[in-house]
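Dear colleague,

I am passing a structure on to you, with some notes on what turned up in it. Please look at the sequence and the model first, and then read on.

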Amino acid sequence: MSKAIENAVEVVPLTSKVGAELKGIRLSGDLPESTVAEINRLLLRHKVIFFRDQHHLDDAGQEAFTSRLGKLVPHPTQTSVGGTSSILELDSGHGGGRADQWHTDVTFVDAYPKISVLRGQVIPAAGGDTVWSNTHAAYEDLPVPLKVLADSLWAVHSNVYDYAAARPRATENEKKQYEEVFTSTIYETEHPVVHVHPETGERSLILGNFVQRLVGLPRSDSTKLVEIFQSYVTAPQNTVRWRWREGDVAIWDNRATQHIAVNDYGDQHRVVRRSTVDGDVPVSTDGRRSSTRVKTSKPASAKAA
């Protein structure tokens with residue numbers, strides 16, 4: 001850490017493998033370049049970093065800060081908050097606001113976001129935490145035979161999946177959001193199960209709830225193998241849990257993490273707003289690149305059905 005930043009910023013690791021709280025930084029679009037570089041360095045090291053009491057940020061301020069980390073990118077199917085180019089609102093009172101499955105953001109496209117920035121706007125009095133996992137640590141925990149197997153596998157990711165099975169208690173609004181908005185354009189992309197991080201060179205798993213099957217394997221075998229690999233991702237020693245307060249900001253390296261919003265707050269209201277930074281197409285351990293095989297807009301009649 002540079003001397004100028006070292007005197008102002010306190011870094012508090014939350015676990016030995018993932019997560020740190022940064023104190024002494026007021027996030028904005030006009031931070032010094034040295035501070036932005038240090039934030040990025042700490043992000044690469046800890047995978048997810050947290051900032052308390054950023055109450056001064058509004059949507060424009062969040063976008064201005066996020067743009068310092070890279071090029072803003074909107075969600076491929078969902079509409080950004082009015083007046084912004086990239087901010088997605090996740091509101092528990094509307095459809096799609098409870099991201100309560102383990103996932104990496106938007107892996108159903110090839111160049112999925114490299115960084116996500118999430119701001120807590122309305123936080124339940126109890127519950128509503130988010131849990132992140134270090135997918136590089138999960139890969140490193142694999143026994144050697146499983147590493148060799150994972151290195152050779154590719155998976156099909158899609159935004160079309162068995163929603164009823166994944167969300168059996170979803171409300172009618174949530175089902176409508178999924179059918180009419182989230183899958184308004186259908187994507188199907190092939191990613192390596194293991195990719196090489198473009199900045200750190202670390203190997204990480206690309207899995208999560210957008211995985212439909214492993215390429216070249218029967219679905220039953222795919223399901224069993226994905227469950228094995230995913231169990232290393234969700235192992236408690238590879239995770240960190242954040243208790244939100246209004247004004248908090250979380251930033252994560254979407255290329256080296258999965259996360260889940262814990263759906264334990266009943267009918268309390270929860271609103272968070274996410275901005276994302278455009279990413280690169282993942283590269284496998286043998287140098288092959290991910291590719292989107294299907295991109296199809298639903299007919300208007302299908303969206304309204």
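In which loop is valine 106 found? Before the reply, please keep in mind that this is a predicted model. Valine 106 sits in the loop that runs between β4 (88-91) and β5 (115-122), and its phi is near 60°, a positive value in a residue other than glycine. Most residues other than glycine have a negative phi, which is the reason for pointing this one out. With a relative accessible area of 6%, valine 106 is buried.

Lysine 47 also has a positive phi, of about 75°, although it is not a glycine. This lysine belongs to the loop between α2 (33-46) and β3 (48-51), and because its relative accessibility is 3%, under the 20% cut-off, lysine 47 counts as buried.

Histidine 195 lies in strand β9, which spans residues 194-196, and it is buried, with a relative accessible area of 2%. A polar atom of the histidine 195 side chain lies 2.8 Å from the backbone oxygen of arginine 255. Leaving aside residues up to four places away in sequence, histidine 195 touches several others, among them Tyr112, Glu202, Ser204, Pro282 and Ser284.

An α-helix has 3.6 residues a turn, so residues three or four places apart point the same way.

The largest pocket has a volume of about 340 Å³ and is lined by 13 residues, of which Gly208, Val211, Thr223, Val226 and Glu227 lie nearest its centre. Both α8 (219-233) and β11 (211-214) supply at least two residues of that lining. Sorted by class, the lining of the largest pocket has 7 polar, 3 charged and 3 nonpolar residues.

With best wishes

Note on methods
Residues numbered from 1 in each chain as written. Predicted model: local features only at pLDDT ≥ 70, side-chain atom pairs only at ≥ 80, totals over all residues. Heavy atoms only, no water. 1 Å grid on protein atoms, 1.4 Å probe; cavity = no way out; pocket = protein on both sides within 12 Å on 5 of 7 lines; lining within 4 Å. Points joined across faces, edges and corners; volume = space filled by probe spheres on them. Helix = DSSP H or I, 4+ residues; strand = E, 2+ residues; numbered from the N terminus. Nonpolar A, V, L, I, M, F, W, Y, C, P; charged D, E, K, R; others polar. Buried < 20%, exposed > 50% of the residue type's maximum accessible area, 1.4 Å probe, protein only. Polar contact = N/O pair within 3.5 Å; in protein donor to acceptor, adjacent residues only side chain to side chain. Contact = heavy atoms within 4.5 Å.
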